[in-house]
Amino acid sequence: MTTTTGRPAEPAPADVPVPELEVPALDPAPVVARVLMGPVRRGVQLLLGLVGFGVATAMMLHSGQGAMPWAVLDQGIVGRTGLPYGWVVLGVGLLVMLAWIPLRQKPGIGTVANIIVISLVIDPALWALDRVLPEPALATGIALALGGTVLLGVSTAAYVGARLGPGPRDGLMTGAVRLTGWPVWLVKTVIEVMVVVIGVLLGGTFGWATVVFAFGVGPVVQVAARWLAPSGLTEGH
């Protein structure tokens, strides 16, 4: 067969199989979390995170196995000053916010909500636990302590991940993460250890659960943030 120019026509090229492109599998966790991270979801996540934080704090205090590091500090100050527990929690939170200045942290609605909601939740939660479990046995105390540690870590990731402003203590954590570039779990652990040492020196309650919390809550926050803070706990992280 020839063309109109007299030159033989080139044979049609055979079908060449096109290799299929391999599309990497996407992890559904951050994708789903981003889709659902609307304003309503953020507000609900903030509120549930703060309520969970208050309940977790009460669980640790009621367990009798050692308080969480910040609670050890609060207890130490209460013992030295005789001030009510709630007022000490509020005062410590306000003092911690002074450390935000060099870290260039900015408060938000979540910061104010943190101080108010947690303060309102802790006492009723302690009252309820005292009625349901007036004197927890060893096994029950261990369960309360471990459950409180996990719940507090998840709750921290929840309300910080809502990005409506971290609480005073976690604003210190996120600011330090941004400043140092260290992972969340490491910064959280360093802060908790420093706080519990000061609290013990002031006479706060210390136990095995305090140690477990100090070293365990950071990794819990890191894992929970995968679902509850898809964009990271801080800008650029």
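A helix here is a DSSP run of at least four residues, numbered from the N terminus. With that in hand, let's walk through this predicted model.

**The chain as a whole**

The protein chain has 10 helices and 0 strands, and reading along the sequence gives the pattern α-α-α-α-α-α-α-α-α-α. Of its 237 residues, 43% are buried. The accessible surface comes to about 13100 Å², and carbon and sulfur atoms contribute 72% of that area. Among the contacts with a separation of 6 or more, 77% are between residues 24 or more positions apart.

**Helices H2 and H10**

Helix H2 covers residues 39-63, and its axis comes within 14 Å of the axis of H10, with a crossing angle of roughly 165 degrees. H2 is therefore roughly antiparallel to H10, because angles over 145 degrees count as roughly antiparallel. The crossing of the two helices is right-handed.

Which residues meet between H2 and H10? From H2 come Arg-41, Gln-45 and Met-60, and from H10 come Ala-209, Phe-213, Trp-227 and Leu-228.

**A look at Trp-227**

Trp-227 belongs to helix H10, which spans residues 208-228. Is Trp-227 buried, partly exposed or exposed? Its relative accessible area is 49%, so Trp-227 is partly exposed; the exposed class begins over 50%.

**Salt bridges**

How many salt bridges does a search of the whole structure find? The search finds 2, and here they are side by side:

| Salt bridge | N to O distance |
|---|---|
| Arg-131 and Asp-130 | 3.1 Å |
| Lys-188 and Glu-192 | 3.2 Å |

Lys-188 and Glu-192 both sit in helix H9, residues 184-201, where they are 4 residues apart, about one turn of the helix. Lys-188 has a relative accessibility of 6% and so counts as buried. Glu-192 is at 1%, so Glu-192 counts as buried too. The cut-off behind both labels is a relative accessible area under 20%.

In the other salt bridge, Arg-131 is joined with Asp-130 through their side chains. Asp-130 has a relative accessible area of 34%, so Asp-130 is partly exposed.

Notes. Residues numbered from 1 in each chain as written. Predicted model: local features only at pLDDT ≥ 70, side-chain atom pairs only at ≥ 80, totals over all residues. Heavy atoms only, no water. Buried < 20%, exposed > 50% of the residue type's maximum accessible area, 1.4 Å probe, protein only. Salt bridge = Lys/Arg side-chain N within 4 Å of Asp/Glu carboxyl O. Contact = heavy atoms within 4.5 Å. Areas by Shrake-Rupley, 256 points an atom, 1.4 Å probe, with all protein chains shown as cover. Axes fitted to C-alpha atoms, helices over the stretch in contact; angles between N-to-C directions. Parallel < 35°, antiparallel > 145°, perpendicular 65-115°, else oblique. Left-handed = near helix turned anticlockwise from the far one by under 90°.
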